[in-house]
Amino acid sequence: MGTRAHEIHDIVGIGFGPSNLSLAIALEEHQASAEGQPVSAVFFERQEAFGWHRNMLLPQATMQISFLKDLATFRNPHSRYSFVSYLHASDRLVQFVNNQDFFPTRQEFHQYLEWAEANFRDRVSYNSEVTGIRLSEGADAAESGAGQHLEIEVRDTVSGATRVVRARNVAVSTGLVPRMPDGMERDERVWHSSEFLDRYGRMKPEELGHVAVVGAGQSAAEITKFLHDMLPQAQVSAILPSYGYSVADDTPFANQVFDPAAVDHYYFGSDTTRDAFWRYHKNTNYSVVDTDVIRELFRRAYEEEVAGHKRLNFLNLTRVKEVKRSGNDTRVVLHSLLDGEGEQEVDVDALVFATGYSTMDATGLLGDLDRFCRRDEQGKHRVERDYRIVTDPELTCGIYLQGGTEHTHGLTSSLLSNIAVRSGEIADSVVRRRAGAAPAPAAD
Ligand code: FDA
Ligand code: NAP
């Protein structure tokens, strides 16, 4: 992708996962339906090509949302970028319907995302990591007549060279951040689930006589099942902080927490309202597992008991206290709340921490620019309903967040459920504010 050095874009997207891909679509479709100057947008992605959690593209792993919650349909059911359009283009629509399943595999959804992404390559730079955003120097901006704008520093991950791109708005969409328990370090034998397939692929199966997986969420359960499938001779241990896996509530009433309307209920609700969303509905997403995966794991363990050959082990109410590494040896010190809260040590050939993710935080990218950004009592960014960080009035440029807004916009913030609608709202906001119209109301 080529950008002219002095061009000032309406918006620069940082990260090109599903959220900013959906924004690219929303901007394109906005342009097609509206009069006026086109919105100029470019995107920067640090990966070498498009990829959506590639290291967790396990065989048979399914989506956790309906295929209709794709990049565009909830905003524009006529979009040519819908999952249904993709099926039609792939000549699979009829068979998809015959298959009668709302939840495609993650591999099929990945193919859909790549199919959509192929239309936007002229606007995306890969191998391009954004390292910082700063405000244009006052004098420079005034002299060039460009007015206030942002300078986005982009590092080429291959050559190491940096360049600066200019824009009036940014959409930060850098995704979830892998989380390791305190004091635990990753290496060639100790992995986080976000790097799983890459790390696993570097091992020889015969090197893996005993593998262990820490955590009781969807990632942990899927990896445990995968290792049990792939390593028929190995001992597979699941180290669960809970007494057993808990089910992800995806029943219809609870699922409404992911509706576009729930964003308003959350955003304009009181602290008590917001607290109630988390208290009652955290189990729709966090530390929970799809029913079919839970049942499958239990069935396998039971069959092994019947056969008298047990190699799938569940260590309940257990946490990792320490990992001792030396060469290829990995000794894990476990603390169990069972049997008098004892400690035990087990030797493994690989240890996977499927211990979840922290939410996106734009602070690091914003650097000095953060001084214009307002924060709430908890120290989190205040965010307007249109996903723009609330800033001091002297900053007229917009910093939009796609992710990291759980505290203001609720449970959908890090998920796909609402990306089509959210991207439309951001695109509308950029256009509306460019025309000088009043911003949408903000919560206190
Ligand atoms: P995402 O993380 O996908 O993309 C962010 C991009 O930004 C990445 O490509 C990254 O390389 C790039 N980036 C980061 N920093 C950068 C920088 N400084 N410069 C340039 N690029 C940078 N949700 C759901 O609703 N249904 C589901 O089925 C699933 N399934 C699922 C599976 C797994 C294994 C995980 C871990 C998570 C899910 N999720 C999910 C939740 C997940 O957050 C969601 O599917 C999307 O990945 C969100 O898309 P984003 O584009 O916001 O982030
Ligand atoms: P998660 O739901 O946050 O689960 C993390 C697990 O690790 C929890 O059981 C947690 O226990 C445990 N844990 C955290 N810190 C620990 C510690 N120090 N010691 C022991 N255990 C610890 O994370 P996830 O499973 O990676 O899921 C993240 C997101 O990705 C979710 O949205 C999920 O739906 C999605 N996902 C989707 C798919 C798919 O689409 N097929 C696959 C995988 C993931 P506590 O409860 O005690 O914190």
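Reply: Serine 287 has its place in the loop between α10 (271-281) and α11 (291-307); helices here are DSSP runs of H or I with at least four residues, strands are runs of E with at least two, and both are numbered from the N terminus. Keep in mind that this is a predicted model, in which local features need pLDDT of at least 70, side-chain atom pairs count only at pLDDT 80 or more, and totals for chains, interfaces and linings use all residues. As for bookkeeping, residues are numbered from 1 along each chain as its sequence is written, chains are lettered from A and ligands numbered from 1 in the order in which they are written, and side-chain values use heavy atoms, with hydrogens and water left out.

Back to serine 287: its phi is positive, about 55°, although it is not a glycine. For context, most residues other than glycine have a negative phi, and most peptide bonds are trans. Serine 287 counts as exposed because its relative accessible area is 56%; the cut-offs are under 20% for buried, over 50% for exposed, and partly exposed in between, with a 1.4 Å probe and protein chains only.

From serine 287 the next stop is ligand 2. Serine 287 is among the residues that come nearest to ligand 2, together with Gln64, Ser219, Glu222 and Asn285, out of 21 around it; a residue is near if one of its heavy atoms lies within 4 Å. Helix α7 (residues 218-230) gives the most to this shell, with three residues. By class, the shell around ligand 2 divides into eight nonpolar, ten polar and three charged residues. Here Ala, Val, Leu, Ile, Met, Phe, Trp, Tyr, Cys and Pro count as nonpolar, Asp, Glu, Lys and Arg as charged, and the others, Gly among them, as polar.

Now to the polar contacts, which are pairs of N or O atoms within 3.5 Å; within protein, one atom must be able to donate a hydrogen and the other to accept it, and residues adjacent in sequence count only if both atoms are side-chain atoms. A side-chain N or O atom of glutamine 64 is 2.3 Å from an oxygen atom of ligand 2. Glutamate 222 has a polar side-chain atom 2.8 Å from a nitrogen atom of ligand 2, and a polar backbone atom of alanine 354 is 3.3 Å from an oxygen atom of ligand 2. Taken alone, ligand 2 exposes 920 Å², of which the protein buries 80%; accessible areas come from the Shrake-Rupley method with a 1.4 Å probe, and for residues only the protein chains shown count as cover.

A polar backbone atom of serine 414 is 2.6 Å from an oxygen atom of ligand 1, a backbone N or O atom of valine 130 lies 3.0 Å from one of its nitrogen atoms, and a side-chain N or O atom of tryptophan 52 is 2.9 Å from an oxygen atom of ligand 1. On its own, ligand 1 has 980 Å² of accessible area, and the protein covers 90% of that.

Tryptophan 52 lies in the loop between β3 (41-44) and α2 (83-89). With a relative accessible area of 9%, tryptophan 52 is buried. Not counting residues up to four places away in sequence, tryptophan 52 touches Pro18, Leu57, Met63, Arg106, Phe109, His110, Leu113 and Leu416, where contact means heavy atoms within 4.5 Å.

Stepping back, the chain has 14 helices and 19 strands. Its radius of gyration is 24 Å, close to the 22 Å that the globule rule gives for 444 residues, so the chain is as compact as a globular protein of that length; the radius is taken over C-alpha atoms, and the rule is 2.2 Å times the number of residues to the power 0.38. Buried residues make up 49% of the 444.
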